[in-house]
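This text walks through a protein structure one region at a time.

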Amino acid sequence: MPDRQETNQDNFMIEKIKQRPINKPRLIRRTLITVSMAVIFGLIACFTFLVLEPVISNWLYPEEESEAIIFPEEPEEMLPEEMLEEYIQPSPSPSPTPALEEQLQPEKVELDENQIQDILNRVVLDMGDYRQIYNVLSDYVKQLNQYMVVVTGTKSDKDWFANEYESKNETTGVVIGNNGRELLILTDYSSVKKADHLTVTFSNGVQAEALMMQYFYDGNLAVLCISLDMLSQDMQMEDLYVAPLGSSLQRNLVGSPVIAIGSPMGSSGSVGYGIITTAGNQVTLADMNYQLLTTDIYGSQSASGVLFNTSGQLIGFITTGKTGTDMRNMISAYGISDLKQMISRLTKGDLIPYLGILGVDVPKEANEQSQVPFGAYVWEVEMDSPAMLAGIQSGDVIIGIDQQSVTKMGDYTNYLLKINVEDTVTLRVMRQTQGEYKELNFEVTVGEAN
């Protein structure tokens, strides 16, 4: 009996517990349902985030739209005959009596050439006089330097042995605006386009980080911005000077004295004195022409900076490579009047519109002799540009864009800089067909210049 009990005990101890068999189809079905629900939930979450994120961000961190710097329109210059007419207008005050008029009449003194030359010979300038003249110029340059900055672009890179190093490039900038939130600086685009980090040094030595606001590649122009909140820690607001922009369209500009400051000699802080030698040449770019001012200032082929007149006004932005080989070391500059609308757009950060038309004004002689209509004469259309794709050809004359009439190239450029990239405009052109000009309309989608 005990043996039997022992045998039963042994049998009980060796019994195996079998696991419940896995239902594979059911497991696969549940896995697929779980994965599908996760995917659907993720898609719903992504869609909700994309829709609500801009709204929540604008609610928490409202962005203020950048304001463009609007320059006042230049007054039309008075013709000499108009100036004379204004000068000889009768005075509103009562006329004196004949007796009193005779007493007030100054005695006329006529000098012959010998007397004039004798007076001039008595005027002798010594070294003290010349020293005083240049001291005045030096003090004037110190005042102008308050508008100038040095822009340093830093780029990180690696050498052949994977060692990291930094390369730096310096150029000159000029403060052209203050929109209440940022200080705006005009500088050369080619000197800062590859930089990873931009630092601006003011004339008093204060440094600040800058960001690229916008650039215009063809004109080598860039506008940088510096947060005023960042500057307020190191500079007082009254120490921020904005350069006043003058006019480069004056009839008496040729022969007038100018001062080149910035880097006219290739190094920061250099200066040059001279006069404007020519002001009638133009630099032709796509969709716009810029006035080119040349001077008798001998400078560097890598010059940068600006031209100021003797009234403290900026009248030119120095550029290089736009003159003949026999004058390549003479400082030349874009006339500031033609740049104002472009600068205003750059300060807002807007993209630069582009159609790809190189044009000139129609001369009066061509209109009278060959009946070429006044407008913007198209002498070249850039390959694969929006204008070429729309059907504009060399020899066409643009007489209108949308509802704006065009009588010269400047009208076309001014309107183009007021519209936006991807807008569709209607160009009204006159095309010569069988010896006569006929009007045609072309729909053009505006591209991006940069």
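A surface patch, as the word is used here, is built from residues with over 30% relative accessible area and no salt bridge; nonpolar side chains are joined within 5 Å and like charges within 9 Å. The model is predicted.

With that in mind, a nonpolar patch can be picked out on the surface, formed by V123, L125, M127, Y130, I133, Y134, V271 and Y273. Together these residues have about 790 Å² of accessible area. Two elements, α6 (127-144) and β8 (270-285), each give two or more residues to the nonpolar patch. Of the contributors, α6 gives the most, with four residues. V271 belongs to strand β8.

D157 counts as partly exposed because its relative accessibility is 37%.

Next come the charged pairs. Side chains of opposite charge can pair when their charged atoms come close. A salt bridge is counted when a side-chain nitrogen of Lys or Arg lies within 4 Å of a carboxyl oxygen of Asp or Glu, and by this rule the count comes to four salt bridges.

One of them joins the side chains of D118 and R122, with 2.8 Å from N to O. Both residues are in helix α5 (residues 113-122); they are four residues apart, so about one helical turn separates them. R122 is exposed, with a relative accessible area of 64%, whereas D118 is partly exposed, at 36%.

A salt bridge also links K364 and E368, whose closest N and O atoms are 4.0 Å apart. K364 counts as exposed, at 55% relative accessibility, and E368 as partly exposed, at 48%.

Another of the salt bridges is formed by K408 and D411, with the closest N and O atoms 3.2 Å apart. K408 is partly exposed, with 39% relative accessibility. D411, on the other hand, has a relative accessible area of 17% and is therefore buried, the limit for that class being under 20%.

T172 is placed in strand β2 (residues 164-178). Its relative accessible area is 5%, so T172 is buried. The side chain of T172 makes a polar contact with the side chain of S304, at 3.5 Å.

S247 lies in a loop, the one between α7 (228-231) and β7 (257-263). At 16% relative accessibility, S247 counts as buried. What does the side chain of S247 reach? It reaches the backbone nitrogen of L249, at 3.2 Å. S247 can also be placed relative to G335: the two are 88 residues apart along the chain, and their C-alpha atoms are separated by 8.0 Å.

Note on methods:
Residues are numbered from 1 along each chain as its sequence is written. This is a predicted model: local features need pLDDT of at least 70, side-chain atom pairs count only at pLDDT 80 or more; totals for chains, interfaces and linings use all residues. Side-chain values use heavy atoms; hydrogens and water are left out. Buried means under 20% relative accessible area, exposed over 50%, partly exposed in between (1.4 Å probe, protein chains only). A polar contact is a pair of N or O atoms within 3.5 Å; within protein, one must be able to donate a hydrogen and the other to accept it, and residues adjacent in sequence count only if both atoms are side-chain atoms. Accessible areas come from the Shrake-Rupley method with a 1.4 Å probe; for residues, only the protein chains shown count as cover.
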